[in-house]
Amino acid sequence: MRLRLVREPFDDPAYLFELKHDGFRAVCYIENGECCLISRNLRKLKFESLQKKLAKLPVTEAILDGEIICLDQQGVSQFNALLERGEEPVFYAFDLLWLNGTDCRQLPLIERKHRLSELIQASACNRLLYAQHIEEHCRHFFKEISSRDLEGIVAKRKLSIYKPSGNSWLKIKNKSYSQAEGRHELLTERKK
């Protein structure tokens, strides 16, 4: 699912709203005790210690959508720590696409999140986090995340199915997010 940028937060009972962490978007494939992390550009990501932990989830096969992040002591994602591989990353899971032979993509998002929450609780994996959400009230939530210098919010229709070609997920970015300063230059420099 791609994210489409919208300028302003909005309240809507048809939506749920999640914190947007700053990291690498990835789809996590688990099968027969092995884990593969694939970027949104279809590249294999190498986070060996994280992959070993996720491979031990109590499933025969699963596909999760999420973000690979590094958190500081206050639970704030730190992009530079992830980029420099200086900290142990976690997988911040926000959707469940497949579980033990069942294709979950046609289920409403709210049901997929419920199943994801149950899986994460059963796993007791300290490197796997569930993307909590609030419903309907985005404006106050956005004001709060902005005051804490967090990246933004993702808005999703509660009853939507998972369609990779769709644009039903919306991102609302904190325009004053301090970690975004100099990001383009930093990434350009690392590519040289």
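**Close-up views of a predicted model**

A search of the whole structure finds eight aromatic pairs, where rings of Phe, Tyr and Trp (its six-membered ring) pair if their centres lie within 6.5 Å, and planes under 30 degrees apart count as stacked, over 60 as edge-to-face and the rest as tilted. The model is predicted, so local features need pLDDT of at least 70 and side-chain atom pairs count only at pLDDT 80 or more, while totals for chains, interfaces and linings use all residues. Residues are numbered from 1 along each chain as its sequence is written, and side-chain values use heavy atoms, with hydrogens and water left out.

**View 1. Tyr-92, Phe-94, Tyr-162 and Trp-169 form one aromatic cluster.** Tyr-92 and Phe-94 make an edge-to-face pair, at 6.4 Å centre to centre and with 70° between the planes. Tyr-162 and Trp-169 are also edge-to-face, because their ring centres are 5.9 Å apart and their planes stand at 80°. Both Tyr-92 and Phe-94 are buried, a term for under 20% relative accessible area, with exposed meaning over 50% and partly exposed in between (1.4 Å probe, protein chains only). Tyr-162 counts as buried at 6% relative accessibility, and Trp-169 is buried with a relative accessible area of 1%.

**View 2. The charged end of Lys-156 sits over the ring of Trp-169.** The distance from the ring centre is 3.8 Å; a charge sits over a ring if NZ of Lys or CZ of Arg is within 6 Å of the ring centre and within 35 degrees of the ring normal. Arg-85 lies over the face of Phe-47, at 3.8 Å from the ring centre.

**View 3. Five strands form an open sheet with mixed pairing, in the order β1-β12-β11-β2-β10.** Strands (E, at least two residues) and helices (H or I, at least four) are DSSP runs numbered from the N terminus, and two strands pair if DSSP finds at least two bridges between them. The edge strands, each pairing on one side only, are β1 (3–5) and β10 (133–136). Strand β2 (residues 12–20) pairs with β11 (residues 152–157) in the antiparallel sense over six bridges, and Leu-19 has Ile-153 as its bridge partner in β11.

**View 4. The largest nonpolar core has 28 residues.** Such a core is a set of buried Ala, Val, Leu, Ile, Met, Phe, Trp, Tyr and Cys residues joined through side-chain atoms within 4.5 Å. Among the residues with the most contacts inside this core are Leu-37, Leu-64 and Phe-91. Apart from this core lies another, of 27 residues, including Phe-142 and Leu-170.
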